[in-house]
Amino acid sequence: MASILGAIRRNWQLLRPPEPAKQADALKFGILGAADIAPMALIVPAKSHPDVVIHAVAARDKTRAAAYAKKHGIPNVLDSYEALLNDPSIDAVYIPLPNGLHFEWALRALSKGKHVLLEKPSSSNATEAEILFRSPLLTAQPQPVLLEAFHNRFSPAWACFMAQVDQPNVEHVFARAHIPAILFDSNNIRFNYDLGGGGMMDLGTYAVAALRGVFGAEPEACDECEVEKMPPPQERCDGSFKVKFRFPGDRVGEIDGGLRAPLMKLRMPSLTVTHRPVIVDEAEGENQTTRTRKVVFSNFLLPGFYHRIDIEDEIVSKDKKTGQVINKVINKESKKAYTFREMDVDRPGEIYWQTYRYMLEQFVNRVRGRDTTAWVEHEDSVAQMKALDMAYEKSGLGIRPTSQYRPESL
Ligand SMILES: NC(=O)C1=CN([C@@H]2O[C@H](COP(=O)(O)OP(=O)(O)OC[C@H]3O[C@@H](n4cnc5c(N)ncnc54)[C@H](OP(=O)(O)O)[C@@H]3O)[C@@H](O)[C@H]2O)C=CC1
Ligand SMILES: O=C1OC[C@@H](O)[C@H](O)[C@H]1O
């Protein structure tokens with residue numbers, strides 16, 4: 001009962017966090033597009049950050065931007081995306097545009113000297129990612145910050161989960177991530193090939209990033225990729241997918257996900273890590289004890305709402321000569337971490353911080369020249385798009401189209 005009440009309180013506060021006074025020189029953010037995700041990903045998290053204000057929004061249609069600004073308490077509406085980037089009072093921009101526009105607008109923002117928080121996936125494919133993340137604009141002085149918004153990787157839950165993973169001994173990783181079909185109809189940007197659509201680009205990118213993060217390595221190949229195509233005219237986009245990647249050492253990472261799940265069959269997103277047996281006790285005698293660990297992270301996508309990390313260790317003692325099992329025990333433990341304090345780690349965070357708020361903390365740290373305790377490095381974002389490209393090539397759907405846009409300075 002206490003935990004249910006705690007969850008209700010936490011989720012209430014996630015959406016209505018305390019609002020400390022803003023610093024006089026707080027970072028001014030502008031948002032490109034009156035996007036659905038911006039309230040959850042930035043506008044609400046910014047409320048509890050004293051060094052961030054949401055200063056302006058621009059949309060393709062100014063009336064729409066004005067209505068959005070009124071609804072979310074944003075003080076300024078600009079005429080266009082360009083006008084927002086040309087506004088010298090804006091320090092940083094958040095880009096929640098369709099995937100196929102991330103590349104162009106991130107480069108445009110960087111060329112105006114803005115810091116950029118860029119929605120995932122960072123671009124349409126690896127070619128774009130290489131141009132973007134290796135752009136000379138990133139070494140300009142003062143140096144702009146560019147971050148692909150993989151929010152879940154900033155959460156204490158992710159850190160807590162990774163602390164249970166014994167990376168060199170990981171044998172197999174499985175990520176499952178489905179959302180119900182009723183959330184997005186077939187006209188949604190997620191199913192528009194020209195805008196970088198596709199299920200693997202959308203939810204699949206979290207699943208692929210999770211495999212890469214757990215193995216701490218890049219896939220060598222995509223051995224299987226079965227997709228359920230969207231019906232025409234969106235048939236170049238996958239609605240759901242099942243993919244098998246081969247990682248170094250012939251280890252396998254699998255993902256199963258999509259945006260078309262029937263509501264009644266919906267299961268929580270999860271990440272399952274299976275380890276190979278490791279010797280934990282080689283007594284002088286005849287016996288040898290091994291531990292085989294399995295870790296399951298339920299709701300690795302949005303752990304701030306709810307999550308659970310289950311650890312199961314099978315401890316087996318065997319006679320070394322005969323291989324006969326002398327003893328077998330299964331130890332089970334469950335962990336959670338809504339704040340770093342719960343892990344006895346001295347880092348900022350409150351129970352009402354969603355993944356996005358943890359990410360914003362680090363983004364601001366980086367802009368202010370302070371140390372960051374979590375980050376998505378530029379080459380990590382490039383490697384992520386290479387892995388997604390591998391899957392799209394294997395699926396037969398082909399990689400998403402490359403933008404023709406190039407900044408003038410290149
Ligand atoms: N981090 C996370 O948890 C989530 C991330 N995302 C990512 O955020 C991005 C946006 O998703 P979401 O907010 O759901 O999408 P929306 O459709 O709500 O927002 C996309 C915005 O893009 C603008 N836009 C510009 N050009 C076009 C165009 N040609 N067609 C359609 N829209 C256009 C629209 O802005 P305008 O107002 O100017 O018309 C619109 O507001 C995606 O990259 C998605 O992957 C999405 C959900 C969750
Ligand atoms: O977090 C998410 O959940 C829903 C998806 O469609 C979205 O794009 C993704 O980022």
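How many nonpolar, polar and charged residues does the shell around ligand 1 have? Sorted by class, the shell around ligand 1 contains 13 nonpolar, 4 polar and 7 charged residues. The model is a predicted one.

**Surroundings of ligand 1**

- Ligand 1 has 24 residues around it, and the closest are Ala34, Arg60, Tyr81, Asn99 and Tyr356.
- At least two residues of this shell are supplied by α5 (99–111), and at least two by α8 (199–215).
- Helix α5 gives the most to the shell around ligand 1, namely 3 residues.
- Domain 1 (4–150) and domain 2 (153–339) each contribute at least three residues to the shell around ligand 1.
- The largest pocket is the space that ligand 1 takes.

**Polar contacts of ligand 1**

- Asn99, listed among the closest residues, has a polar side-chain atom 2.8 Å from an oxygen atom of ligand 1.
- His102 places a polar side-chain atom 3.0 Å from an oxygen atom of ligand 1.
- In the side chain of Glu119, an N or O atom is 3.1 Å from a nitrogen atom of ligand 1.
- On its own, ligand 1 exposes 890 Å², of which the protein buries 85%.

**Surroundings of ligand 2**

- The residues that surround ligand 2 are Lys120, Ile179, Phe184, Arg190, Asp202, Leu203 and Tyr206.
- By class, 4 residues of this shell are nonpolar and 3 are charged, while no polar residue is present.
- Helix α8 provides the largest share of the shell around ligand 2, with 3 residues.
- Helix α8 also supplies at least two residues of the shell around ligand 1.
- Ligand 2 sits in the largest pocket, the one whose space ligand 1 takes.

**Polar contacts of ligand 2**

- Lys120 has a polar side-chain atom 2.6 Å from an oxygen atom of ligand 2.
- For Arg190, a polar side-chain atom lies 2.8 Å from an oxygen atom of ligand 2.
- An N or O atom in the side chain of Tyr206 is 2.8 Å from an oxygen atom of ligand 2.

**Features of the backbone**

- Most peptide bonds are trans, and most residues other than glycine have a negative phi.
- The peptide bond from Lys120 to Pro121 is cis, and its omega is near -10°.
- Lys120 is also one of the residues that surround ligand 2.
- Pro121 belongs to the loop between β5 (115–118) and α6 (126–133).
- A cis peptide bond also runs from Gln141 to Pro142, with omega near -5°.
- Pro142 is located in the loop between α6 and β6 (146–148).
- Asn299, a residue other than glycine, has a positive phi, near 65°.
- The position of Asn299 is in the loop between β13 (287–298) and β14 (308–319).

How values were computed: Residues numbered from 1 in each chain as written. Chains lettered and ligands numbered in written order. Predicted model: local features only at pLDDT ≥ 70, side-chain atom pairs only at ≥ 80, totals over all residues. Heavy atoms only, no water. Near = heavy atom within 4 Å. Polar contact = N/O pair within 3.5 Å; in protein donor to acceptor, adjacent residues only side chain to side chain. Areas by Shrake-Rupley, 256 points an atom, 1.4 Å probe, with all protein chains shown as cover. 1 Å grid on protein atoms, 1.4 Å probe; cavity = no way out; pocket = protein on both sides within 12 Å on 5 of 7 lines; lining within 4 Å. Sits in = over half its atoms within 2 Å of the grid points. Helix = DSSP H or I, 4+ residues; strand = E, 2+ residues; numbered from the N terminus. Nonpolar A, V, L, I, M, F, W, Y, C, P; charged D, E, K, R; others polar. Domains from an automatic or database assignment.
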